[in-house]
Amino acid sequence: MDLAFIPSPSVGVVHLGPIPLRGYAFCIIIGVFVGVWLGNKRWIQRGGRSGTVADIAVWAVPFGLVGGRLYHVITTYEPYFGKNGHPLDAFKVWEGGLGIWGAVALGAVGAWIGCRRRGIPMPAYADALAPGLALGQAIGRWGNWFNQELYGKPTDVPWALKISSDPAIGRIGGTYHPTFLYECLWCIGVAALVIWADKRFRLGHGRAFALYVAAYCAGRAWIEYMRVDEAHHILGLRLNVWTALIVFVLAVVYFVVSAKRAPGREEVVEPGALEERAAAEAAAAESAGSDSDAATEADGADGGDGAEAPAGKEPAAKSAAEGGTEAVDAAASSADADAKPAGSGSTKKS
């Protein structure tokens, strides 16, 4: 008897009248927004303009969705173009099936187009976006939980995932390893690693992105090995395991070669952004100075009216009264000197 397990949703879609609200789609959308939000913050920190990441994402996201779907359909073509397949089902993205390899590859093409239109170096943009991509993947993996798909081998561990049976698609009920959760946690760790390494070593010229790719592939290889869904095998290993290993090697090679050829980080990531920021700060400082001068003049005017003395100072009459006989004698002497006619030896200057 299972004492504990992670339950699966009874349904993956809720209908709001004629509009279907699908959990898988919501996870993808939220992941995209989180990735763009974090990427925008990092881009500003690197000296770029606010909003540039979102502008380029308009190109990258559609390309990424198409690339992810193409990779899935090509590597798992049987349900669509095999015997008794349904080709039109290839367009049903909401039912699941987005390969991260194709999403990143074709998404990079869209990002390259957007960067080229803005005159921005693609490696710098990729570095800023890398942790956001990892967090977006972590959130997007929960879409597999809604669809009850891509789980691991049977297990009775307390954190096992409860899967309901579905004879229509050949799904056998039971408790399985929640590989979606493993990958979610791994991606969160990858995001933290990239952020830490980027601050510690000031990674640039695409090396933060290469670190993200290598770290993700390292985790994806063992997580993929646990899965039990249908997949093509090469030399006893699942196709995605081979893909993870090959991409891992390429990312490491790029990291090493880039560090030798272009050490350090880009000084300018977006033309004109630093100048605009400096001008805005100067204008803000000038405005603050003008407000301060106006406030000082206003304080002086209040003190001259006699209605209210400045803080810490007393009126002249009060000071003379409290000064005793010395103040009175000094005032009298001054009055006598003023009363002397011109030429009587007074040293007063006009």
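**Stop 1: the whole chain, coloured by confidence**

Start with everything on screen and colour by pLDDT. The chain has a mean pLDDT of 85, with 83% of its residues at 70 or more. Now select residues 304–328, where the pLDDT is below 50. Beyond near neighbours in sequence, the model gives this stretch seven contacts. Next, select residues 330–350, another stretch where pLDDT stays under 50. How many contacts does the model have here beyond four places in sequence? For residues 330–350 there is one. Where pLDDT is low, the predicted coordinates should not be read in detail.

**Stop 2: a hairpin**

Show the side chains of Val-14 and Leu-21: Val-14 stands opposite Leu-21 in E2. E1 and E2 form a hairpin, and two residues lie between them. Pick Gly-17 in that turn to find a positive phi of about 65°.

**Stop 3: two loop residues with positive phi**

Most residues other than glycine have a negative phi, and that is why the next two selections are worth a look. Select Asn-84, which is not a glycine, yet has a positive phi of about 60°. Where is Asn-84 found? Look in the loop between helix H3 (78–81) and helix H4 (100–118).

Is His-205 buried, exposed or partly exposed? Its relative accessibility is 23%, so His-205 counts as partly exposed.

**Stop 4: two cysteines**

A disulfide is a covalent bond between the sulfur atoms of two cysteines. The cut-off for calling one is a pair of cysteine sulfur atoms within 2.5 Å, and the count by this rule is zero. For Cys-184, the nearest cysteine sulfur is that of Cys-187, 7.3 Å away, and Cys-184 is in no disulfide. Cys-187 is in no disulfide either, its nearest cysteine sulfur being that of Cys-184. Cys-184 is buried at a relative accessible area of 7%, and Cys-187 is buried at 1% relative accessibility.

Conventions:
Residues numbered from 1 in each chain as written. Predicted model: local features only at pLDDT ≥ 70, side-chain atom pairs only at ≥ 80, totals over all residues. Heavy atoms only, no water. Buried < 20%, exposed > 50% of the residue type's maximum accessible area, 1.4 Å probe, protein only. pLDDT = per-residue confidence, 0-100. Contact = heavy atoms within 4.5 Å. Pairing = 2+ DSSP bridges. Helix = DSSP H or I, 4+ residues; strand = E, 2+ residues; numbered from the N terminus.
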